Amino acid sequence: MNAVTPSLEGRTALVTGGAGGIGRAVAATLAALGARVAVNHLPGAEPGPDGEELPEGCFRVAADVRDRQQVTGMFETVARRFGRLDVLVNNAGVFPRAQVLELDEETWDLVLDTNLKGAFFCAQEAAALMIPRGGGRIVNVSSSAAFTGSPRGAHYAASKAGLVALGKSLARALAVHGITVNTVAPGVTRTAQPNLDEEGFLAEGRRIPLGRVARAQDVADAVAFLAGDRSGYLTGQTLGVNGGAVMVP
C-alpha cells in the first residue's frame with residue numbers, strides 16, 4: 001500500500017448483507033486492502049451474483065440478522081476462525097416498496113427488523129469482541145432517504161434515519177473503548193435495489209450535481225476510509241455518498 005491508500009493488513013472485518021450490490025463491493029474492497037472479510041448472507045441464499053466465487057480473502061457466514069441467536073452464532077464463528085474482529089459494516093437491508101396507505105404491519109416489521117434491529121444486534125456483538133482489544137470500527141450503511149423521505153418507502157426511510165441516530169448513540173457510548181461508529185448514506189446507486197433500467201439511471205444522474213448516480217465502488221471507497229486508520233478522529237458522523245444530491249448536515 002502507498003501513502004494514500006490505507007492498509008487493513010491483519011484486520012478482520014464482517015460485512016452484513018454482503019452477497020451482492022454495495023455489500024459485495026465493500027467486502028471486495030476491504031479484502032483488497034488486506035483484511036480478512038466475513039461476508040454475511042441469508043441462510044440458503046447464494047453468496048454472490050450468479051453464484052460466482054467470493055473475492056480472495058473473503059469467506060461466507062450465513063445468518064439472518066433479525067434473529068439474535070443467529071447473529072450471536074455468526075460472531076462466534078468469526079471469533080473462532082480469527083480470534084478477533086476489527087471492523088463491522090452494517091449493510092444488510094431490504095426495501096419492498098409500498099405506498100403509505102398500503103403499508104402493512106408485516107412489511108413494516110420486516111424492514112425495521114432487518115435494517116435497524118439487525119444492525120443493533122450486530123453492533124452489540126461486535127463491540128463485545130472489540131472492547132477487549134482496545135478498539136475497532138463500526139460503519140453503518142444508511143441512505144439519502146433518511147433525510148429526504150420516500151413516497152413508497154416510509155418504512156425504509158424510517159429504518160435508515162433510525163440507523164443514523166443509532167450510529168450517533170453508539171459513537172457516544174463506545175468512544176471510551178476506542179471504537180468509532182460512523183455512517184455512510186448513499187444516494188441512488190447502480191445496483192439491483194433501485195429497480196431502474198439504464199434510462200432510469202441516466203435520468204436520475206441528470207438531477208445530481210456531479211451528473212451521475214453512484215457506483216457501488218463509490219460507496220465501498222467511503223466505507224474503506226471509515227474502516228481504516230485515517231478516520232481515527234471521526235465518530236458519530238454521517239457521510240453522504242450521493243454526488244451532491246443531498247448535502248447531509
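1. Start at Ser144, which sits in the loop between β5 and α4 (145-148). This is a predicted model, and in it Ser144 has contacts with Ala185, Pro186, Gly187, Asn242 and Val246, once neighbours within four places in sequence are set aside.

2. Now step back into strand β5, where you'll find Asn140. Is Asn140 buried or exposed? Its relative accessibility is 0%, so it counts as buried. Beyond four places in sequence, Asn140 is in contact with Asn90, Leu163, Gly167, Val181, Asn182, Thr183 and Val184. Keep an eye on two of those partners, Leu163 and Val184, as both come back below.

3. Not counting residues up to four places away in sequence, Val184 touches Val139, Asn140, Val141, Ser142 and Ser143, then Val219, Ala222, Val223 and Leu226, and finally Leu239 and Val241.

4. Which residues touch the most other members of the largest nonpolar core? Val184 is one of them, along with Val26, Leu30, Val37 and Val89, in a core of 29 residues. Two or more residues each are given to this core by β1 (12-15), α1 (21-32), β2 (36-41), β4 (87-90), β5 (136-141) and α7 (216-227). Helix α7 supplies the largest share, 8 residues. There is also a second, separate core, with 28 residues, and Leu163 belongs to it, as do Ala63, Met130 and Leu166.

5. The crossing is right-handed. On the α1 side the contact uses Gly21, Ile22, Ala25, Val26, Thr29 and Leu30; facing them in α7 are Ala216, Gln217, Val219, Ala220, Asp221, Val223, Ala224 and Ala227. Sorted by class, that contact of α1 with α7 comes to 10 nonpolar, 3 polar and 1 charged residues.

6. Still in α7, Phe225 deserves a quick look. At 36% relative accessible area, Phe225 is partly exposed. Its contacts beyond four places in sequence are with Arg230, Ser231 and Leu234. Computed along the chain, Phe225 and Leu30 are 195 residues apart, but the C-alpha to C-alpha distance is 9.8 Å.

7. On to the pair α3 (residues 105-130) and α5 (residues 154-174). These helices pack at about 15°, with axes 9 Å apart, so α3 is roughly parallel to α5; the limit for that label is under 35 degrees. Here α3 passes α5 in a right-handed crossing. From α3 the contact takes in Thr107, Trp108, Val111, Leu112, Asn115, Leu116, Ala119, Phe120, Ala123 and Ala127. Among the α5 residues involved are Tyr156, Leu163, Leu166, Leu170 and Leu174. By class, the contact of α3 with α5 has 15 nonpolar, 5 polar and 1 charged residues. Leu163 and Leu166 are the two you met in the second core.

8. Helix α3 has another partner, α2 (residues 68-82). What is the angle between α2 and α3? It is about 30°, and the axes lie 10 Å apart; the two helices are therefore roughly parallel to each other. Once again the crossing is right-handed, with α2 passing α3. Arg68, Val71, Thr72, Met74, Phe75 and Ala79 of α2 meet Phe121, Cys122, Gln124, Glu125, Ala126 and Leu129 of α3. That contact of α2 with α3 splits into 8 nonpolar, 2 polar and 2 charged residues.

9. Last, a residue on the outside. Arg207 is in the loop between α6 (198-206) and α7. Arg207 counts as exposed because its relative accessibility is 59%, where the cut-off is over 50%. Although Arg207 and Ala245 are 38 residues apart in sequence, their C-alpha atoms are 7.5 Å apart in space.

Notes
Residues are numbered from 1 along each chain as its sequence is written. This is a predicted model: local features need pLDDT of at least 70, side-chain atom pairs count only at pLDDT 80 or more; totals for chains, interfaces and linings use all residues. Side-chain values use heavy atoms; hydrogens and water are left out. Axes are lines fitted to C-alpha atoms, for helices over the stretch in contact, and angles run from 0 to 180 degrees between N-to-C directions. Helices (H or I, at least four residues) and strands (E, at least two) are DSSP runs, numbered from the N terminus. Angles under 35 degrees count as roughly parallel, over 145 as roughly antiparallel, 65 to 115 as roughly perpendicular and the rest as oblique. A crossing is left-handed if the near helix is turned anticlockwise from the far one by less than a right angle, and right-handed if clockwise. Contact means heavy atoms within 4.5 Å. Ala, Val, Leu, Ile, Met, Phe, Trp, Tyr, Cys and Pro count as nonpolar, Asp, Glu, Lys and Arg as charged, and the others, Gly among them, as polar. A nonpolar core is a set of buried Ala, Val, Leu, Ile, Met, Phe, Trp, Tyr and Cys residues joined through side-chain atoms within 4.5 Å. Buried means under 20% relative accessible area, exposed over 50%, partly exposed in between (1.4 Å probe, protein chains only).
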